[in-house]
Amino acid sequence: MMDDLSHGPVLAADSWELHADSGCPGKISFKLDGSEVMKLQPVSFGVVGEATGILKKCREHVTLDDSTHSLETMTLVPFGPEPLVSRKIEIFGNSAQIVTDVELRHDMQSESMSIDGMLFPGEWKRISVVPVPADEFTVPEPVWQGVKADTGYYESDHPFLVCLLEDAQGKIFEVGTGDDLWRWRCAERVGCVSNFTVSSASDGIEIVRKVIIPPEGTAIPPGNRRFKWYFSWKSPQETEAFNNAVPLPSPGKKYHFAKDSDTIFDFTACKWPENALCKIGNKTSEFACWHSSIVSKHLRYLVRAASAAKVKSLTIINASPHLCDVPSHLERPNKKSLPHWDIMQILAFRTWASRQLAKNDGVFRGFP
């Protein structure tokens with residue numbers, strides 16, 4: 001598809017719309033059921049950034065089966081070392097995955113580098129901000145509080161893990177840091193600090209992510225930096241119960257799928273080898289890391305087998321994300337530790353499995 005730099009709405013499905021503002025690169029809004037629920041703020045270096053940049057690319061794409069919509073943008077910031085900001089947004093089902101790349105070839109004189117801040121306009125009933133747990137594998141249960149004016153809900157030099165917002169109708173909007181937790185902590189490695197905040201603003205809830213704040217009188221160091229994050233939404237009636245689950249077959253074991261069957265696997269009942277498990281420091285968990293090649297290869301084998309057998313549906317339950325720091329899971333065995341969690345790997349697998357099963361009219365279910 002040819003680039004079109006004068007877009008109004010660029011992506012749309014039955015219940016949502018994503019708009020890109022060609023007059024202000026990096027400014028993107030997202031609507032649910034006709035109401036604006038999120039405004040993405042441009043990447044900024046103090047007073048300059050995407051908003052003062054030159055839009056080089058704004059390309060949309062929809063897969064042939066109409067299941068996945070994506071938007072790619074690229075903006076040149078014509079100041080100082082001329083940073084280049086690229087972003088890809090991919091939406092499938094009820095979730096979106098975002099990858100933002102910032103290319104900085106030389107030092108940038110600026111008070112901070114802010115990545116993908118957000119404003120959630122309108123009325124929200126309550127909020128929960130879940131921090132990254134210290135030395136724990138499981139994601140903490142959300143602690144909710146009512147939304148009030150002039151209130152701060154989170155401030156730290158570390159990114160939050162998940163932020164949940166609930167409206168008066170019970171619909172929940174979720175924003176989470178991506179699997180690359182170590183990248184969001186890049187300031188520590190270059191002698192700088194960070195500041196992440198979630199607070200009430202005059203026109204909604206605001207998230208600010210100042211990923212790099214250099215010491216006074218110094219500059220933001222050069223580098224090519226990537227940041228991942230996601231957002232998703234869920235209505236109260238979308239919770240579904242699944243019965244008659246069987247243990248997910250262990251790696252190396254085959255499974256016979258019956259044609260037109262509704263197969264339900266319990267992910268937690270699978271026996272995984274130790275090198276596929278989540279680890280933090282010297283602690284090993286009972287949970288598998290979805291970034292492990294053992295896990296991804298085995299699950300893809302099962303989905304392909306189910307699709308070839310022409311099952312009616314395949315469901316995997318209890319596939320909750322967990323935290324880990326094993327570098328080899330991310331194909332970086334020379335590193336000592338790389339803190340990550342596997343939420344985006346789970347979402348990416350859901351997209352792939354759904355499309356794979358749909359080739360033979362099958363349905364993939366059971367994920368968040």
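The legends below describe close-up views of a predicted model.

**View 1. Confidence along the chain.** The mean pLDDT of the chain is 92, and 96% of the residues score at least 70. Among the elements, strand β15 (residues 152-156) has the highest mean pLDDT, 98. Strand β1 (residues 9-12) has the lowest, 74. For residues 1-9 the pLDDT is below 50, and this stretch has 20 contacts in the model beyond near neighbours in sequence.

**View 2. An open sheet of nine strands.** The strands follow the order β7-β8-β9-β10-β20-β17-β16-β13-β14, and their pairing is antiparallel. The edges are formed by β7 (54-62) and β14 (145-146). Each of these two has a single partner strand, so one side of each is left without a neighbour in the sheet.

**View 3. The pair β8 and β9.** Nine bridges join strand β8 (residues 68-76) to strand β9 (residues 84-92) in the antiparallel sense. One of the bridge partners to look for is L84 in β9, which pairs with L76.

**View 4. Helix α3 on the sheet strands.** Helix α3 (residues 343-358) lies across β8, β9, β10 (95-104), β17 (172-177) and β20 (223-234). The angle between helix α3 and β10 is about 120°.

**View 5. The second largest pocket.** This pocket has a volume of about 470 Å³. It is lined by 24 residues, of which Q97, V99, R226, K228 and M344 are the closest to its centre. Two or more lining residues come from each of β8, β9, β10, α1 (181-184), β20 and α3. By class, the lining holds 12 charged, seven nonpolar and five polar residues.

Definitions and conventions. Residues numbered from 1 in each chain as written. Predicted model: local features only at pLDDT ≥ 70, side-chain atom pairs only at ≥ 80, totals over all residues. Heavy atoms only, no water. Pairing = 2+ DSSP bridges. Helix = DSSP H or I, 4+ residues; strand = E, 2+ residues; numbered from the N terminus. Contact = heavy atoms within 4.5 Å. Axes fitted to C-alpha atoms, helices over the stretch in contact; angles between N-to-C directions. pLDDT = per-residue confidence, 0-100. 1 Å grid on protein atoms, 1.4 Å probe; cavity = no way out; pocket = protein on both sides within 12 Å on 5 of 7 lines; lining within 4 Å. Points joined across faces, edges and corners; volume = space filled by probe spheres on them. Nonpolar A, V, L, I, M, F, W, Y, C, P; charged D, E, K, R; others polar.
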